[in-house]
Amino acid sequence: MSDVIQAKTESTTSYRHIASGAAFQFGLVAAFLTACIWASWLVSVKMGAQSVLTTFDLALMRYAIPALVLLPFLYQSRRLLLTVPKWALFGIVLGAGVPFFFLSSAGMHYAPVSHAGLLIPGTFPLFVTAIAVVVFKEPLSRPRFIGLIFIMIGVMTLLLISMLSLSGDVWKGDLFFIGASFFWAVYTICLSIAGLPPLAATGLLGLVSTSILLLLLATGVVTSGMSLVGADELAWQFFVQSILVGLCTGFSYGYAINLLGAERTAAMGALTPVLASILAIPLLQEFIGLAAALGLCFVCVGVVYASGIVKASR
């Protein structure tokens, strides 16, 4: 019993570790870079929405290449893995693995990509904070609370605008996105607790997820459409899924969490719908109205407060 209490105490201490000074600023840059890549990924998904590639194909590109490339880093951290609580490792591979990817993809069948950009990275800071406060008894500072309120107002504003302009089964997709958001929050918390090197954690995630995907393919649960698309489309999806999302954000997100902590990194991730909306103007000719712009402003202000930028600058 004492070992369990000690393990929880150590996990909580690791979870609450926050960098300071220049390291904190580097963490902010890494989190912002991650949000930019996520936004680019959402826009690319919408641009290639007519592809015959299946969810399995995209997931395999997302996880298999990082698993192969980062396997040496995972091997180097094999002893450190033994010291990490098993439930934290389970949360890493479950939270950002196959369940998260398939929930996100399922939501795309019912709701537009803009909803994914809004609900997945926009709401998971709220889930992360809820887990931190309820499970780890993390104190909720006033600036962070104010920031989360602003983020919530911004997300609800954007969601309400989108829902009023659409009909049908959009709500089903939104529920899938919210479920994916919760899984990503679990991943964020567990990654923070584990304290693994970012490349080793990404390698572990890729290895376990690839194994699950190959098992699903062998049993006939999923199918592949790679043979039906051209080389250009495969190359583009490979670049986005494997290089940008799989490798780059695998490092930058884990790096940011190790320096900023789970909650501040999650708050920075809420910038994704803002950046995606900005990118959609020149790339997709999708312009936002005054009300939507107001909602995005609320999210931006919320990120500034909840991420700790204000406190760090004082």
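**Close-up views of a predicted model**

**View 1. Gln 241 lies in helix H12, which spans residues 231-260.** The model shown here and in the other views is predicted. The relative accessible area of Gln 241 is 1%, so this residue is classed as buried. When neighbours within four places in sequence are left aside, the residues in contact with Gln 241 are Trp 41, Leu 58, Met 61, Arg 62, Phe 101 and Gly 246.

**View 2. A nonpolar patch on the surface is formed by Val 133, Val 134, Val 135, Leu 140, Phe 145, Ile 149 and Ile 153.** Helix H8 (113-135) and helix H9 (142-164) are the elements that each give two or more residues to the nonpolar patch. Together, the residues of the patch have about 550 Å² of accessible area.

**View 3. Val 134, one of the residues of the nonpolar patch, is placed in helix H8.** With a relative accessible area of 57%, Val 134 is exposed, because the class begins over 50%. Gln 241 in helix H12, by contrast, is buried at 1%.

View 4. A disulfide is a covalent bond between the sulfur atoms of two cysteines. Zero disulfides are found in a search of the whole structure.

Note on methods:
Residues numbered from 1 in each chain as written. Predicted model: local features only at pLDDT ≥ 70, side-chain atom pairs only at ≥ 80, totals over all residues. Heavy atoms only, no water. Disulfide = S-S within 2.5 Å. Patch = residues over 30% accessible without salt bridge, like charges linked within 9 Å, V, L, I, M, F, W, Y side chains within 5 Å. Areas by Shrake-Rupley, 256 points an atom, 1.4 Å probe, with all protein chains shown as cover. Salt bridge = Lys/Arg side-chain N within 4 Å of Asp/Glu carboxyl O. Helix = DSSP H or I, 4+ residues; strand = E, 2+ residues; numbered from the N terminus. Buried < 20%, exposed > 50% of the residue type's maximum accessible area, 1.4 Å probe, protein only. Contact = heavy atoms within 4.5 Å.
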